[in-house]
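Subject: Structure for your review

Dear colleague,

I am passing the structure below to you, and my notes on helix packing and on the ligand follow it. Please read them alongside the coordinates.

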Amino acid sequence: MYKIAIVGAGPAGYFTAQAFQNAQTEDLTFAIDMIERLPTPWGLVRSGVAPDHPKIRTVSKVFEKIAKTEGFRLFANVELGKDVSLKDLRERYDAVVLATGSPKGRKLGIPGEELTNCISAAEFVPWYNAHPDYANIEVDLDTDTAIVIGAGNVAMDVARLLAIDPTELDLTDIAEHALVKFKQSKIRKVIICGRRGAEHAAFTAPELRDLPKLKDTNVFIDKEQISQATYRIKERGEVEKDLRNNLEAMRLIAEHEKKEVERNLEIKFLVAPIQINGGTKVKEIVFTINEVKDGKVIATDKTFTIKAGLVVTAIGYDAVKYPGINIENGRIANIAGHVEHNVYVTGWAKRGPIGIIGTNKSDSNDVVELIISNLTEPKVSEGISSLLKSGHEVIDQISWEKINASEVISGAIAGKPRVKEVDWRRLINLGRS
Ligand code: NAP
């Protein structure tokens, strides 16, 4: 039996475990230990997916099935680089798979980015999703206008949550502290700012199509920007289906009849932030107007300013470094998932922060195929337990199921899918009870 350590209990980690389970035969068997820094598993399915999109979270049922399969063990509340080293794992396991994601928000690199209330989506999203590390970040919604930088699905999630009537979140599993803040929010206008044209936006059509359905929020896109983008891509020749669908969804938003409501969400294209002004706190953002010339996006000499008290940057993520690995272009340096010796990488840490949850499945299948082709004699070694200090409080699958049940029961009383516990210590106590 081969011993496999998977570091990171998010979608990429679970799909890796599943690929090993599916590859088992009578002669080829695997003991899988999944190691997770947080006291809770599921990664972005718990702390990334927008609370008003509960269907996306149902993949957690698949994760639980994988976790209940023989040969799988969960070691949550165990941190790589602190509680166990990569070197130790490498020595004891036949293969170590890093599925540690890309938790670090990229920086704009413009003056004023350090001002209070300029927040990365890498903090804002886990804040509203009850991630214990972000429960106490400072978020001030006492402003009428918020700017979200980036034209991807994370920007859209953030903007939507800021723009909708918070009563729509009452029956979701949003963090209680965030729901309280959203209810007190004075924000009535949210502007998503993409630096390139509508044809370059990274939104996906299903997410765009949901926008006109918002009950209490009008969504605006300048029809002219969509017409010009459509013209530009037609000039280029054949247009891919996804892009056609995106532009069509944006056209429908632009033409959608507006409601008598006070909440607004706007998507602006070809605007790049160059400076954020304020004393200590964000007050206004200066943008350059860009244009598309010969297929290239270039800055004009025109600028404009928007007064806004909150900026959220949703411009992508980078992987974090662990002793013994290198980062290249924001990813763990690898060749087709191979890092070095018996260390591998999968998911966002491997390919960068692109793709939906399901993308991790094919990615992990490929990495597992590669690992299996490289396996030699199974190691005879002690597993992870002997590496942990005595008294270390591991959250195993049984403890996690207790936490899960407790959150779901609290949720049922409140008519929600769950009420998430945000405090690390209380999570561990729930796992013990
Ligand atoms: P993304 O899709 O890569 O979008 C990032 C956006 O940030 C792009 O519009 C990019 O513009 C912009 N950007 C990057 N650097 C910038 C800068 N310096 N200044 C201004 N804008 C900048 O990333 P994401 O939104 O973080 O999403 C990550 C992945 O998760 C995506 O694959 C996404 O589809 C997925 N996701 C899916 C869902 C869902 O299915 N519901 C929800 C959330 C996330 P350029 O193109 O010009 O670089």
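In what follows, axes are lines fitted to C-alpha atoms, for helices over the stretch in contact, and angles run from 0 to 180 degrees between N-to-C directions. Helices (H or I, at least four residues) are DSSP runs, numbered from the N terminus. This is a predicted model, in which local features need pLDDT of at least 70 and side-chain atom pairs count only at pLDDT 80 or more, while totals for chains, interfaces and linings use all residues. Residues are numbered from 1 along each chain as its sequence is written, and side-chain values use heavy atoms, with hydrogens and water left out.

Helix 6 (residues 121–128) packs on two partners. With helix 7 (residues 153–163), the axes come within 11 Å and cross at roughly 50°; the two helices are therefore oblique to each other (angles under 35 degrees count as roughly parallel, over 145 as roughly antiparallel, 65 to 115 as roughly perpendicular and the rest as oblique). Contact, meaning heavy atoms within 4.5 Å, joins Ala121, Phe124, Val125 and Tyr128 in helix 6 to Val154, Asp157, Val158, Leu161 and Leu162 in helix 7. By class, this contact has 8 nonpolar, no polar and 1 charged residues, where Ala, Val, Leu, Ile, Met, Phe, Trp, Tyr, Cys and Pro count as nonpolar, Asp, Glu, Lys and Arg as charged, and the others, Gly among them, as polar.

With helix 8 (residues 176–184), the axes of helix 6 come within 7 Å and cross at roughly 105°, and helix 6 and helix 8 are therefore roughly perpendicular to each other. Here Phe124, Trp127 and Tyr128 of helix 6 meet His177, Ala178, Lys181 and Phe182 of helix 8, a contact with 5 nonpolar, 1 polar and 1 charged residues.

Helix 10 (residues 223–236) and helix 11 (residues 241–255) pack at an angle of about 160°, with their axes 9 Å apart, which makes helix 10 roughly antiparallel to helix 11. The residues of their contact divide into 7 nonpolar, 1 polar and 4 charged.

Among the polar contacts (pairs of N or O atoms within 3.5 Å), a backbone N or O atom of Ala151 lies 2.9 Å from an oxygen atom of the ligand, and a side-chain N or O atom of Arg195 is 2.8 Å from a ligand oxygen atom. Glu207 places a polar side-chain atom 2.9 Å from a nitrogen atom of the ligand.

Notes. Polar contact = N/O pair within 3.5 Å; in protein donor to acceptor, adjacent residues only side chain to side chain.
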